[in-house]
Amino acid sequence: MPSSLQVDLLVIGSGASGMTTAARAAQAGARVLVVEKAPQTGGSAAISGGFVWTAAEVDALLAEDPGADPALVRALVEGFPAGIDWLRWLGLTLSDEITGIYGFGRGFRIDPNLYLDRCRSLVASAGGEVVVGTQVEELQRSGGSAAGALLTAPDGRQLAVDADWTVLATGGFQASSELRREHIHASADRMLVRANAHSSGGGLRLGLSVGAEATADMAGFYGHLVPSPLTAFPPESFIPFAQLHSAYCLLLDARGRRFTDESLGDHKNVQALVRHPSVTAILVADGEIHRTQVLSEYIPGLPSIDRLQVAVDAGARLAKEQSLAQLADSVAAWGADGARFLRTLTEYNEAARRNPSLLDPPRRKHLQPLETPPYFALEVQPAITFSYGGLRADAAGRVLGKDGPVGGLLAAGIDVGGVFHRGYAGGLARALVSGMRAAQTATGDAASSRRLGCAPRRRRSAPARARGQGPVDQEQRARGAPKEEDA
C-alpha cells in the first residue's frame, strides 16, 4: 500500500508556470508539493533566453492572433503588470523595458534560473517541497473532483498525495512525436524540438483522464525555422539557429515556388512549412537583408550574430552567389527545380517594384525586391518550442469539462490551451500570469474568488504532515533547501 501525504496544493511540473503557482501559493500560507518527472527542475524556462514580454494592448494581440481566446488574452495582458511587480518584489534585476517586440509587444529580460531559485526558496521557507525524478501515475478523485495524485518515486516507491487543489503545469506536448503527429500535422513528428525533452503531454493526459476537455483546435504551435539538414541541436543553439529574420526573406519549396506570406513572421512561417508536403524549404535573402536583418540585434539584449554563418558551421546547406541565376544553379544541385526557382524570384522582384497585388501568395509587409548581391539560399526545416493546444481552462486557471469546471483541478502555462491560436506574444509572460492566477484561485482569495465566480476551497489552518514516508529521500530533492537570503 502506498505511503500518503496531505498538502493544500500539488503542482505537477517545475517550469516557470508551476514554480510561479507554487511560490505564490506558499507565500499565501499553503503547504505545497511540486513534483517534476525530469531529473532537474526548471523545464524549458531554465534554458530560455529570459525574455518576459507580451502585447501592450488586448486589441493588438487579437489583431495579431484573431483566433486566440479573448478572455485568456485579456487575462494575460491585464495581468502582466502585476507579474512584473512580483519579479521586482523577488529582487530580480530587470533589463530596461524593451518595446516593439514583434511590432506590438513590450517586456523585460531577466535571469530565468534566478527566478526559479527564488520561487523554490519561497516554497521551502513555507514548509513545502520540490522533488524531481517523480512520475505522476494518475490523478486521484473524490466525489467527482480531482483530489491529488498517485506518484512513483525514482526508487519505485509509491506515494498517494491528498491535495485540495492539483495544478497541471507540465509544459505542453511538444516533446511527444506521437502527439505532434496526432494534433498538429501528419508531418509534425519530424520536427526538431527546441525545448526541454520532458514536456510530452503529461498534463493533457492527466486532465483528460478526469473529464477535462481539450481545446477544439490543437494544431497551432510556437517555433522557428532552423537550418537543414540537422538532426538535433543543444539549448545553447536554440537562439543562434533560429532564422528570426525570415519575415524579410522569401521562402520557396523544392518546386521553386512560394507557398506562404513570409512577412507575417518566422513563428508563422514555421507553421506553414510543417504543413507543406516538402517539410523543408529554401530561405532566400540578398546582401541588403543580410546586412540590415540577419546581422542586426533582433531584440535588444540578443547578440548580433551572422546566423547564416552559424548554419554553415553546423553543416547546413547554404549557397552564396553573385547573381540569382547562379543561386538557382546552386539550389538545383540540392534537388530543387532551379528554373522555376529563378522564375519565381524574377517574378517576385518585378511585382515588388511595380504591382505587389500580383503576388500569390500575397505579401503584406517587407516588399523590397531582392537586388543587392551577394544572394543567399539556406535550406531550412521546422522546429517546435511549445504547443498551443491543450486543456480548456478559464481565466482563473480552472480546468473545464463538458459541464463546467473540474473540481479541484487547475492548469497553468502551456497546459492551458487557446491562449494563442497561430500568433505569438511570449511564453514566459503567460507562465508568470497564469501561475499567479492559478495560485490565487487555489489559496481562496475571497475577493478575487467572488469576482471570478468560484468559491474558495477548504484550507488547512496549519501545514499538513506526511502520513508515512515522504515522497523522496533527501538526496532526491531538487537542489536541497535554499538559503534564507535567497528568498
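Author: Val-279 is found in the loop between H8 and E13, where helices (H or I, at least four residues) and strands (E, at least two) are DSSP runs numbered from the N terminus. The model is a predicted one, in which local features need pLDDT of at least 70, side-chain atom pairs count only at pLDDT 80 or more, and totals for chains, interfaces and linings use all residues. Residues are numbered from 1 along each chain as its sequence is written, and side-chain values use heavy atoms, with hydrogens and water left out.

Phi of Val-279 is near 65 degrees, a positive value in a residue other than glycine. Most residues other than glycine have a negative phi, and most peptide bonds are trans. Val-279 counts as buried because its relative accessibility is 4%; buried means under 20% relative accessible area, exposed over 50%, and partly exposed in between, with a 1.4 Å probe and protein chains only.

Helix H8 itself covers residues 266-274, and eight of its nine residues are buried, so H8 is largely enclosed by the rest of the structure. The buried residues of H8 are Asp-266, His-267, Lys-268, Asn-269, Val-270, Gln-271, Leu-273 and Val-274. Their cover includes helix H2 (58-64) and the strands E11 (221-227), E12 (250-252), E13 (281-285) and E15 (375-387).

The loop between E11 and helix H7 (238-241) holds Pro-229, and the peptide bond from Ser-228 to Pro-229 is cis, with omega near -5 degrees. Pro-374 lies in the loop between H12 and E15; a cis peptide bond joins Pro-373 to Pro-374, with omega about 0 degrees.

A positive phi also occurs at Tyr-102, about 55 degrees, although Tyr-102 is not a glycine. Tyr-102 sits in the loop between strand E4 (98-101) and strand E5 (105-109). Tyr-102 counts as partly exposed because its relative accessibility is 23%.

Helix H12 (residues 338-354) also packs against helix H11 (residues 324-332): their axes come within 8 Å and cross at roughly 145 degrees. Axes here are lines fitted to C-alpha atoms, for helices over the stretch in contact, and angles run from 0 to 180 degrees between N-to-C directions. From H11, the contact is made by Leu-324, Ala-325, Leu-327, Ala-328, Val-331 and Ala-332, and from H12 by Gly-338, Phe-341, Leu-342, Leu-345 and Asn-349; contact means heavy atoms within 4.5 Å. By class, this contact has nine nonpolar, two polar and no charged residues. Ala, Val, Leu, Ile, Met, Phe, Trp, Tyr, Cys and Pro count as nonpolar, Asp, Glu, Lys and Arg as charged, and the others, Gly among them, as polar.

As for the setting of these parts, the protein chain has 14 helices and 17 strands. Of its 487 residues, 57% count as buried. Among contacts between residues at least 6 apart in sequence, 73% join residues at least 24 apart. The C-alpha trace spans about 75 × 45 × 45 Å along its principal axes.
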